[in-house]
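Open the model in a viewer with selection by residue number. The tour begins with the aromatic rings and then steps back to the whole chain.

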Amino acid sequence: MTSRTCLAIALALALQPAAAQADDGWSANLRYRHEAVSDDAFARDASADTLRLRFGYSHAFVNGFSAGAELEAVAAADGSYNSTANGRTTYPVVADPESFELNQAWLRWRGERGGATLGRQRLLLDNQRFVGNVGWRQNEQTYDAFSADFSPREGLVLRYSWLDRVHRVFSDQAIDPLARERDLNAHLANLSWTGAAGTLAAYGYWLDDQDVATASTRTLGLRYTGQRAFDAVKLGWTLEYARQRDHADNPLQVSADYVLFEPSLSAKGLTWKLGWERLGGNGSTAFQTPLATLHAFNGWADKFLVTPANGLDDRYASVSGKFGSGRLDGKLGWTVAWHDYVADRGDADYGRELNASLSFPLPAGFAGLVKLADYRSDGFARDTRKLWLQIERNWP
(Lines give C-alpha, C1' and ligand atoms only; values in the text may rest on other atoms or scores of the structure.)
Protein backbone atom coordinates (compact mmCIF):
# COMPACT_ATOMS: atom_id res chain seq x y z
CA MET A 1 0.00 0.00 0.00
CA THR A 2 1.48 3.35 -1.07
CA SER A 3 1.49 6.48 1.06
CA ARG A 4 -1.07 8.11 -1.26
CA THR A 5 -3.39 5.10 -0.99
CA CYS A 6 -3.16 5.11 2.81
CA LEU A 7 -3.86 8.85 2.91
CA ALA A 8 -6.86 8.49 0.60
CA ILE A 9 -8.38 5.67 2.67
CA ALA A 10 -7.80 7.60 5.89
CA LEU A 11 -9.42 10.74 4.48
CA ALA A 12 -12.45 8.80 3.26
CA LEU A 13 -12.83 7.18 6.68
CA ALA A 14 -12.53 10.52 8.46
CA LEU A 15 -15.30 12.04 6.33
CA GLN A 16 -17.76 9.26 7.10
CA PRO A 17 -20.41 9.85 9.78
CA ALA A 18 -20.01 7.84 12.95
CA ALA A 19 -23.10 5.75 12.21
CA ALA A 20 -21.47 4.38 9.06
CA GLN A 21 -18.78 2.76 11.20
CA ALA A 22 -21.15 1.07 13.64
CA ASP A 23 -21.15 -2.39 11.98
CA ASP A 24 -20.89 -5.02 14.67
CA GLY A 25 -17.35 -6.33 15.07
CA TRP A 26 -15.61 -3.62 13.03
CA SER A 27 -13.23 -1.11 14.59
CA ALA A 28 -10.93 1.59 13.28
CA ASN A 29 -8.47 4.18 14.51
CA LEU A 30 -7.15 7.22 12.68
CA ARG A 31 -4.25 9.23 14.06
CA TYR A 32 -2.38 12.15 12.49
CA ARG A 33 0.77 13.40 14.20
CA HIS A 34 3.35 16.08 13.63
CA GLU A 35 6.59 15.48 15.55
CA ALA A 36 9.45 17.99 15.59
CA VAL A 37 12.81 17.10 17.15
CA SER A 38 15.78 19.37 17.86
CA ASP A 39 18.73 17.30 19.11
CA ASP A 40 22.09 19.03 19.61
CA ALA A 41 23.84 15.84 18.48
CA PHE A 42 22.60 16.57 14.91
CA ALA A 43 23.15 19.55 12.64
CA ARG A 44 19.59 19.18 11.28
CA ASP A 45 16.25 19.18 13.06
CA ALA A 46 13.71 16.45 12.34
CA SER A 47 10.16 17.08 11.16
CA ALA A 48 7.77 14.17 10.69
CA ASP A 49 4.13 14.26 9.58
CA THR A 50 2.64 10.79 9.77
CA LEU A 51 -0.83 9.30 9.46
CA ARG A 52 -1.78 5.98 11.03
CA LEU A 53 -4.81 3.96 10.00
CA ARG A 54 -5.74 0.86 12.00
CA PHE A 55 -8.64 -1.30 10.84
CA GLY A 56 -9.89 -4.47 12.52
CA TYR A 57 -12.72 -6.96 12.65
CA SER A 58 -13.69 -9.50 15.31
CA HIS A 59 -16.46 -12.07 15.43
CA ALA A 60 -17.90 -14.04 18.34
CA PHE A 61 -18.74 -17.70 17.79
CA VAL A 62 -20.54 -20.16 20.07
CA ASN A 63 -19.29 -21.48 23.42
CA GLY A 64 -17.17 -18.42 24.21
CA PHE A 65 -14.93 -18.56 21.11
CA SER A 66 -14.06 -15.50 19.03
CA ALA A 67 -11.53 -14.50 16.39
CA GLY A 68 -10.18 -11.22 15.16
CA ALA A 69 -7.68 -9.54 12.84
CA GLU A 70 -6.34 -6.01 12.53
CA LEU A 71 -4.35 -4.22 9.82
CA GLU A 72 -2.18 -1.20 10.40
CA ALA A 73 -0.83 1.28 7.85
CA VAL A 74 1.43 4.28 8.42
CA ALA A 75 2.03 6.95 5.75
CA ALA A 76 4.46 9.86 5.91
CA ALA A 77 3.87 13.24 4.28
CA ASP A 78 7.21 14.72 5.37
CA GLY A 79 10.43 12.69 5.22
CA SER A 80 12.79 15.09 7.02
CA TYR A 81 13.55 12.59 9.77
CA ASN A 82 15.27 9.26 10.38
CA SER A 83 12.46 6.71 10.53
CA THR A 84 15.02 3.84 11.02
CA ALA A 85 13.86 2.59 7.60
CA ASN A 86 14.47 5.52 5.22
CA GLY A 87 18.25 5.79 5.65
CA ARG A 88 18.17 9.50 6.55
CA THR A 89 20.69 9.20 9.37
CA THR A 90 21.68 12.88 9.31
CA TYR A 91 18.36 13.63 11.05
CA PRO A 92 17.27 12.70 14.59
CA VAL A 93 15.18 9.54 14.91
CA VAL A 94 11.39 9.66 14.84
CA ALA A 95 10.56 5.96 15.04
CA ASP A 96 7.44 6.08 12.84
CA PRO A 97 8.41 4.46 9.51
CA GLU A 98 5.97 3.98 6.68
CA SER A 99 4.49 0.50 6.86
CA PHE A 100 1.58 -1.76 6.08
CA GLU A 101 1.35 -4.75 8.41
CA LEU A 102 -0.85 -7.32 10.06
CA ASN A 103 -1.02 -5.91 13.57
CA GLN A 104 -3.13 -8.60 15.22
CA ALA A 105 -4.67 -11.97 14.28
CA TRP A 106 -5.97 -14.13 17.11
CA LEU A 107 -8.31 -16.87 18.25
CA ARG A 108 -9.78 -16.43 21.74
CA TRP A 109 -11.86 -18.39 24.21
CA ARG A 110 -13.57 -16.70 27.15
CA GLY A 111 -15.26 -18.51 30.03
CA GLU A 112 -16.77 -17.52 33.35
CA ARG A 113 -13.52 -17.54 35.30
CA GLY A 114 -10.87 -17.11 32.66
CA GLY A 115 -9.83 -17.26 29.05
CA ALA A 116 -7.03 -17.77 26.57
CA THR A 117 -5.78 -16.12 23.39
CA LEU A 118 -3.57 -17.63 20.68
CA GLY A 119 -1.96 -15.64 17.88
CA ARG A 120 -0.62 -12.17 17.22
CA GLN A 121 -1.93 -9.98 20.01
CA ARG A 122 -1.56 -6.90 22.19
CA LEU A 123 -0.16 -7.56 25.70
CA LEU A 124 -0.32 -5.08 28.59
CA LEU A 125 0.92 -6.16 32.03
CA ASP A 126 0.43 -3.89 35.08
CA ASN A 127 1.64 -0.39 34.15
CA GLN A 128 3.58 -1.71 31.09
CA ARG A 129 6.96 -1.15 32.77
CA PHE A 130 8.01 -4.65 31.72
CA VAL A 131 5.60 -5.72 28.97
CA GLY A 132 3.51 -3.36 26.83
CA ASN A 133 2.43 -2.35 23.33
CA VAL A 134 4.37 0.96 23.02
CA GLY A 135 1.05 2.57 22.09
CA TRP A 136 2.60 6.03 21.73
CA ARG A 137 4.35 5.13 18.47
CA GLN A 138 2.37 4.94 15.25
CA ASN A 139 3.33 1.30 14.61
CA GLU A 140 2.24 -0.72 17.63
CA GLN A 141 4.32 -3.44 19.31
CA THR A 142 2.52 -6.80 19.27
CA TYR A 143 3.43 -10.39 20.06
CA ASP A 144 3.03 -13.83 18.54
CA ALA A 145 2.00 -15.51 21.76
CA PHE A 146 -0.26 -17.68 23.83
CA SER A 147 -1.78 -15.92 26.82
CA ALA A 148 -4.24 -17.07 29.46
CA ASP A 149 -5.84 -15.77 32.65
CA PHE A 150 -7.70 -17.49 35.45
CA SER A 151 -9.65 -16.00 38.37
CA PRO A 152 -10.45 -18.68 40.98
CA ARG A 153 -12.14 -16.12 43.22
CA GLU A 154 -13.11 -12.46 43.12
CA GLY A 155 -10.09 -10.15 43.17
CA LEU A 156 -7.53 -12.90 42.48
CA VAL A 157 -6.17 -13.19 38.92
CA LEU A 158 -3.40 -15.39 37.54
CA ARG A 159 -2.01 -14.44 34.12
CA TYR A 160 0.43 -16.45 32.01
CA SER A 161 1.90 -15.76 28.58
CA TRP A 162 4.34 -17.57 26.35
CA LEU A 163 5.98 -15.29 23.75
CA ASP A 164 7.31 -16.69 20.49
CA ARG A 165 8.09 -13.39 18.77
CA VAL A 166 7.85 -9.64 19.31
CA HIS A 167 7.01 -7.34 16.40
CA ARG A 168 8.64 -4.05 17.27
CA VAL A 169 7.60 -0.46 16.52
CA PHE A 170 10.27 0.01 13.84
CA SER A 171 8.18 -2.14 11.45
CA ASP A 172 9.21 -4.75 8.90
CA GLN A 173 10.88 -1.97 6.87
CA ALA A 174 13.62 -1.19 9.40
CA ILE A 175 17.13 -1.37 7.98
CA ASP A 176 18.40 -3.36 10.97
CA PRO A 177 16.72 -6.81 10.94
CA LEU A 178 16.89 -6.97 14.75
CA ALA A 179 14.89 -3.75 14.95
CA ARG A 180 12.01 -5.37 13.04
CA GLU A 181 11.26 -8.34 15.26
CA ARG A 182 12.92 -10.74 17.68
CA ASP A 183 12.54 -14.48 18.12
CA LEU A 184 11.78 -15.22 21.76
CA ASN A 185 11.13 -18.07 24.13
CA ALA A 186 9.68 -16.08 27.00
CA HIS A 187 7.46 -17.14 29.90
CA LEU A 188 5.55 -14.44 31.80
CA ALA A 189 3.66 -15.13 35.03
CA ASN A 190 1.71 -12.48 36.96
CA LEU A 191 -0.45 -13.09 40.03
CA SER A 192 -2.49 -10.18 41.42
CA TRP A 193 -4.90 -9.78 44.30
CA THR A 194 -7.18 -6.76 44.69
CA GLY A 195 -8.91 -6.00 48.00
CA ALA A 196 -9.87 -3.10 50.22
CA ALA A 197 -6.20 -2.36 50.95
CA GLY A 198 -5.20 -2.08 47.27
CA THR A 199 -3.68 -4.37 44.65
CA LEU A 200 -0.68 -6.61 45.29
CA ALA A 201 1.01 -8.26 42.31
CA ALA A 202 3.82 -10.82 42.21
CA TYR A 203 5.48 -11.55 38.90
CA GLY A 204 8.18 -13.57 37.22
CA TYR A 205 9.37 -12.86 33.67
CA TRP A 206 11.76 -15.30 32.02
CA LEU A 207 12.93 -13.67 28.77
CA ASP A 208 15.02 -15.79 26.39
CA ASP A 209 15.90 -13.59 23.42
CA GLN A 210 17.14 -15.99 20.76
CA ASP A 211 18.39 -13.22 18.48
CA VAL A 212 20.20 -11.08 21.09
CA ALA A 213 21.49 -13.36 23.84
CA THR A 214 22.65 -10.44 26.02
CA ALA A 215 18.98 -9.37 26.37
CA SER A 216 17.98 -12.65 28.04
CA THR A 217 17.05 -12.06 31.68
CA ARG A 218 14.99 -13.40 34.57
CA THR A 219 13.05 -10.80 36.55
CA LEU A 220 11.17 -11.46 39.79
CA GLY A 221 9.23 -8.72 41.55
CA LEU A 222 6.44 -7.39 43.76
CA ARG A 223 4.17 -4.40 43.11
CA TYR A 224 1.71 -2.78 45.52
CA THR A 225 -0.72 0.00 44.53
CA GLY A 226 -3.65 1.57 46.32
CA GLN A 227 -5.50 4.72 47.31
CA ARG A 228 -7.57 5.96 50.22
CA ALA A 229 -9.98 8.89 50.45
CA PHE A 230 -10.10 11.29 53.41
CA ASP A 231 -13.04 13.64 52.85
CA ALA A 232 -12.02 15.83 49.90
CA VAL A 233 -8.45 14.47 49.74
CA LYS A 234 -7.37 11.20 48.17
CA LEU A 235 -3.98 9.64 48.90
CA GLY A 236 -2.42 7.10 46.57
CA TRP A 237 0.73 5.02 46.44
CA THR A 238 2.77 2.70 44.27
CA LEU A 239 5.60 0.60 45.71
CA GLU A 240 7.56 -1.86 43.59
CA TYR A 241 10.73 -3.92 43.84
CA ALA A 242 12.26 -6.35 41.34
CA ARG A 243 15.47 -8.30 40.98
CA GLN A 244 16.95 -9.12 37.56
CA ARG A 245 19.50 -11.81 36.74
CA ASP A 246 20.97 -13.21 33.51
CA HIS A 247 19.01 -16.06 31.94
CA ALA A 248 19.28 -18.74 29.25
CA ASP A 249 22.37 -18.21 27.04
CA ASN A 250 23.19 -14.69 28.19
CA PRO A 251 27.02 -14.48 28.26
CA LEU A 252 26.93 -11.50 30.67
CA GLN A 253 26.59 -11.63 34.43
CA VAL A 254 23.52 -9.56 35.24
CA SER A 255 22.53 -8.75 38.82
CA ALA A 256 20.50 -5.57 39.25
CA ASP A 257 17.62 -4.19 41.31
CA TYR A 258 14.59 -2.12 40.38
CA VAL A 259 12.84 0.17 42.88
CA LEU A 260 9.80 2.41 42.43
CA PHE A 261 8.31 4.68 45.10
CA GLU A 262 5.46 6.96 43.98
CA PRO A 263 3.05 8.63 46.44
CA SER A 264 0.25 10.84 45.11
CA LEU A 265 -2.31 13.30 46.45
CA SER A 266 -5.54 14.39 44.74
CA ALA A 267 -7.46 17.44 45.95
CA LYS A 268 -9.45 20.30 44.42
CA GLY A 269 -9.24 18.82 40.92
CA LEU A 270 -5.46 18.41 40.92
CA THR A 271 -3.34 15.28 41.26
CA TRP A 272 0.20 15.70 42.59
CA LYS A 273 2.84 12.98 42.37
CA LEU A 274 6.36 12.55 43.65
CA GLY A 275 8.43 9.65 42.42
CA TRP A 276 11.74 7.86 42.64
CA GLU A 277 12.53 5.13 40.15
CA ARG A 278 15.87 3.33 40.29
CA LEU A 279 17.21 0.92 37.70
CA GLY A 280 20.43 -0.50 39.09
CA GLY A 281 23.73 -0.72 37.20
CA ASN A 282 27.26 -1.82 38.06
CA GLY A 283 29.23 -0.13 35.28
CA SER A 284 29.04 -3.14 32.98
CA THR A 285 25.39 -4.20 32.96
CA ALA A 286 22.17 -2.57 34.13
CA PHE A 287 18.52 -3.37 34.71
CA GLN A 288 16.75 -3.43 31.31
CA THR A 289 13.10 -3.65 30.20
CA PRO A 290 13.23 -4.19 26.41
CA LEU A 291 9.55 -5.16 26.03
CA ALA A 292 8.19 -2.19 27.98
CA THR A 293 6.21 0.83 26.80
CA LEU A 294 9.34 2.85 27.47
CA HIS A 295 8.04 6.25 26.36
CA ALA A 296 5.83 6.34 29.47
CA PHE A 297 8.85 6.25 31.79
CA ASN A 298 11.91 8.42 32.44
CA GLY A 299 10.74 11.39 30.39
CA TRP A 300 9.11 11.85 27.00
CA ALA A 301 12.37 12.84 25.29
CA ASP A 302 13.24 9.10 25.29
CA LYS A 303 16.87 9.55 26.31
CA PHE A 304 16.85 6.43 28.54
CA LEU A 305 15.22 3.76 26.37
CA VAL A 306 18.30 1.67 27.22
CA THR A 307 19.44 1.97 30.83
CA PRO A 308 23.05 3.26 31.03
CA ALA A 309 25.65 0.82 32.34
CA ASN A 310 25.90 2.81 35.59
CA GLY A 311 22.14 2.56 36.08
CA LEU A 312 19.58 5.34 36.45
CA ASP A 313 17.94 7.22 39.32
CA ASP A 314 14.93 9.19 38.08
CA ARG A 315 13.58 11.61 40.70
CA TYR A 316 10.43 13.28 39.44
CA ALA A 317 7.38 15.35 40.34
CA SER A 318 4.20 15.96 38.37
CA VAL A 319 0.86 17.71 38.62
CA SER A 320 -2.19 17.14 36.41
CA GLY A 321 -5.75 18.35 36.21
CA LYS A 322 -8.67 19.38 34.02
CA PHE A 323 -10.27 22.70 33.21
CA GLY A 324 -12.67 24.34 30.75
CA SER A 325 -16.00 26.10 30.72
CA GLY A 326 -19.28 25.77 28.87
CA ARG A 327 -19.29 22.79 26.52
CA LEU A 328 -15.64 22.22 27.40
CA ASP A 329 -16.29 22.04 31.15
CA GLY A 330 -13.72 19.64 32.59
CA LYS A 331 -12.71 18.35 29.14
CA LEU A 332 -9.30 20.00 28.81
CA GLY A 333 -6.68 17.84 30.47
CA TRP A 334 -3.16 18.95 31.28
CA THR A 335 0.01 17.52 32.83
CA VAL A 336 3.34 19.06 33.82
CA ALA A 337 6.26 16.91 35.02
CA TRP A 338 9.87 17.50 36.06
CA HIS A 339 12.63 14.85 36.06
CA ASP A 340 16.11 14.90 37.54
CA TYR A 341 18.39 12.07 36.33
CA VAL A 342 21.52 10.76 38.03
CA ALA A 343 23.56 7.57 37.78
CA ASP A 344 22.79 4.79 40.25
CA ARG A 345 26.51 3.94 40.44
CA GLY A 346 28.73 6.94 41.12
CA ASP A 347 25.90 9.51 41.35
CA ALA A 348 27.01 11.32 38.17
CA ASP A 349 24.49 13.88 36.91
CA TYR A 350 22.83 12.86 33.64
CA GLY A 351 20.46 15.77 33.10
CA ARG A 352 16.98 17.08 33.78
CA GLU A 353 13.78 17.27 31.79
CA LEU A 354 10.52 19.20 31.60
CA ASN A 355 7.40 17.54 30.15
CA ALA A 356 4.02 19.15 29.47
CA SER A 357 0.86 18.13 27.63
CA LEU A 358 -2.64 19.42 26.88
CA SER A 359 -5.48 17.21 25.59
CA PHE A 360 -8.77 18.55 24.23
CA PRO A 361 -11.87 17.38 22.35
CA LEU A 362 -12.54 18.34 18.72
CA PRO A 363 -15.70 18.22 16.58
CA ALA A 364 -16.99 14.96 15.06
CA GLY A 365 -15.56 12.81 17.82
CA PHE A 366 -11.91 13.68 17.23
CA ALA A 367 -9.45 14.34 20.08
CA GLY A 368 -6.44 16.65 20.03
CA LEU A 369 -3.13 16.62 21.90
CA VAL A 370 -0.24 19.04 22.23
CA LYS A 371 2.81 17.68 24.01
CA LEU A 372 6.41 18.73 24.56
CA ALA A 373 9.63 17.48 26.12
CA ASP A 374 12.73 19.54 26.93
CA TYR A 375 15.81 17.55 28.01
CA ARG A 376 18.86 19.44 29.28
CA SER A 377 22.00 17.33 29.43
CA ASP A 378 24.53 17.38 32.25
CA GLY A 379 26.91 15.10 30.36
CA PHE A 380 24.65 12.26 29.17
CA ALA A 381 23.56 12.49 25.50
CA ARG A 382 22.84 16.03 24.24
CA ASP A 383 20.17 18.69 24.79
CA THR A 384 16.96 17.61 23.05
CA ARG A 385 13.59 19.29 22.51
CA LYS A 386 10.51 17.55 21.08
CA LEU A 387 7.09 18.85 20.14
CA TRP A 388 4.03 16.81 19.12
CA LEU A 389 0.71 17.92 17.62
CA GLN A 390 -1.80 15.10 17.30
CA ILE A 391 -5.39 14.48 16.15
CA GLU A 392 -7.04 11.09 16.68
CA ARG A 393 -10.37 9.32 16.43
CA ASN A 394 -11.66 5.81 17.18
CA TRP A 395 -14.58 4.00 15.58
CA PRO A 396 -17.05 2.86 16.81
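Show all Phe, Tyr and Trp rings: the whole structure holds 17 aromatic pairs, a pair being two rings (for Trp, the six-membered one) with centres within 6.5 Å, called stacked with planes under 30 degrees apart, edge-to-face over 60 and tilted for the rest. This is a predicted model, in which local features need pLDDT of at least 70 and side-chain atom pairs pLDDT 80 or more, while totals for chains, interfaces and linings use all residues. Numbering runs from 1 along each chain as its sequence is written, and side-chain values use heavy atoms, without hydrogens or water.

Select Phe 304 and Tyr 341. Their ring centres are 4.6 Å apart and the planes meet at 45°, so the pair is tilted. Phe 304 sits in the loop between strands E13 (270-279) and E14 (312-323), and Tyr 341, 37 residues away, in strand E15 (residues 332-342); strands (E, at least two residues) are DSSP runs numbered from the N terminus, as are helices (H or I, at least four). Both residues are buried, meaning under 20% relative accessible area with a 1.4 Å probe, protein chains only.

Tyr 350 belongs to strand E16 (residues 349-361), 46 residues from Phe 304, and is buried.

Next, select Phe 130, Tyr 203, Tyr 205, Tyr 258 and Phe 287, which ring pairs join into a cluster.

Buried residues make up 45% of the 396.

Notes: Buried < 20%, exposed > 50% of the residue type's maximum accessible area, 1.4 Å probe, protein only.
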